[in-house]
Amino acid sequence: MRWIMKLLIEALTKFTCGLLLVGLLIFLPAGTLGYTYGWLFIGLLFVPMLIAGFVMLFKSPDFLAKRLDAKEKQATQKDVVALSGLMFIAGFMVAGLDYRFGWSKMPLPVTVVASVLFLVAYVLYAEVMRENVYLSRTVKVEEGQTVVDTGLYGIVRHPMYMATILLFLMIPVVLGSWYALIAFAFYPAIIIVRLKDEEDLLTRELPGYAEYKQKVNYRILPFIW
């Protein structure tokens, strides 16, 4: 019980810090709390995140603890995390500045569609977490880990990255900024670097992964790549 409480405090602390950081990066450049699309994005991002966190806490606290561990040990992955952080900072700030100075106008129907796709990506992400108990925020192979090749993993080798690409490319559209899309457009390239390094590790250290790559040809996009 004490460990659960400690885990809850850690999760809520990271959640609150993330919420405050994203809020500052969006609303400070916007110069106002009246940035409606900013609130829309925060709701779409953090409400499902909070719900998912409590579900994991009560159903699989070990998995939640694994998801909270984001400390990469490999040099390539540390670079990927750093680049991703810079991308998010730039994207959120540009979106706020775009709203403040009216650089671009996003049609409301486009933002609505993007919001729906954002939630679809969240559902895909949740399904990946359900299918793969070894899923981690860091690139590593655990003791006793086996290859998951069913469900979404039977379609593409990295369904989590497929979901996050859709999720993150929708962020600037939900925020109503065409210019912020330029920053977030770098995310697929960043993921490709992470993915290739991860596959090298899994091929070397995870039994059966080389055969799995032969079975499932596509990495992220079915019938494309």
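Here are some notes on this predicted model, point by point.

1. Ground rules. As this is a predicted model, local features need pLDDT of at least 70 and side-chain atom pairs count only at pLDDT 80 or more, while totals for chains, interfaces and linings use all residues. Residues are numbered from 1 along each chain as its sequence is written, and side-chain values use heavy atoms, with hydrogens and water left out.

2. Overall fold. The protein chain has nine helices and zero strands. Helices here are DSSP runs of H or I with at least four residues, strands are E runs of at least two, and numbering starts at the N terminus. Of the 225 residues, 43% count as buried, where buried means under 20% relative accessible area, exposed over 50%, and partly exposed in between (1.4 Å probe, protein chains only). Take contacts (heavy atoms within 4.5 Å) between residues at least 6 apart in sequence: 79% of them join residues at least 24 apart.

3. The core. The largest nonpolar core has 59 residues, and I26, F41, F92, F118, I171 and L175 touch the most other members. Helix α6 (residues 159-174) gives the most to this core, with 11 residues. For the record, a nonpolar core is a set of buried Ala, Val, Leu, Ile, Met, Phe, Trp, Tyr and Cys residues joined through side-chain atoms within 4.5 Å. Leaving aside neighbours within four places in sequence, F41 is in contact with V22, I26, F92, F118, I171, V174 and L175.

4. Helix α2. This helix (residues 36-59) has 24 residues and reaches 35 Å from first C-alpha to last, close to the 34 Å expected; the expected span is 1.5 Å times one less than the number of residues.

5. A serine inside. S115 sits in helix α5 (residues 108-131) and is buried, at 10% relative accessible area. Beyond its neighbours within four places in sequence, S115 is in contact with L40, L44 and V174.

6. The whole structure has five salt bridges, each a side-chain nitrogen of Lys or Arg within 4 Å of a carboxyl oxygen of Asp or Glu. K14 pairs with E10, with the closest N and O atoms 3.6 Å apart; the two are four residues apart in helix α1 (residues 2-30), so about one helical turn separates them. R130 and E127 meet at 2.7 Å, N to O, and they are three residues apart in α5. R130 counts as exposed at 59% relative accessibility, whereas E127 is partly exposed at 25%.

7. A buried salt bridge. R157 and E199 also meet at 2.7 Å, N to O. R157 lies in the loop between α5 and α6 and E199 in helix α8 (residues 187-205), so the pair ties together parts that are 42 residues apart in sequence. Both R157 and E199 are buried. Salt bridges with shared partners join R157, E199 and R219 into one network.

8. Surface. The protein chain exposes about 12300 Å², 70% of it supplied by carbon and sulfur atoms; areas come from the Shrake-Rupley method with a 1.4 Å probe, and for residues only the protein chains shown count as cover. F101, W103, Y179, I182 and F186 form a nonpolar surface patch with about 590 Å² of accessible area together. Patch residues have over 30% relative accessible area and no salt bridge; like charges are joined within 9 Å, and nonpolar side chains (Val, Leu, Ile, Met, Phe, Trp, Tyr) within 5 Å. Y179, in helix α7 (residues 178-184), is partly exposed at 42%.
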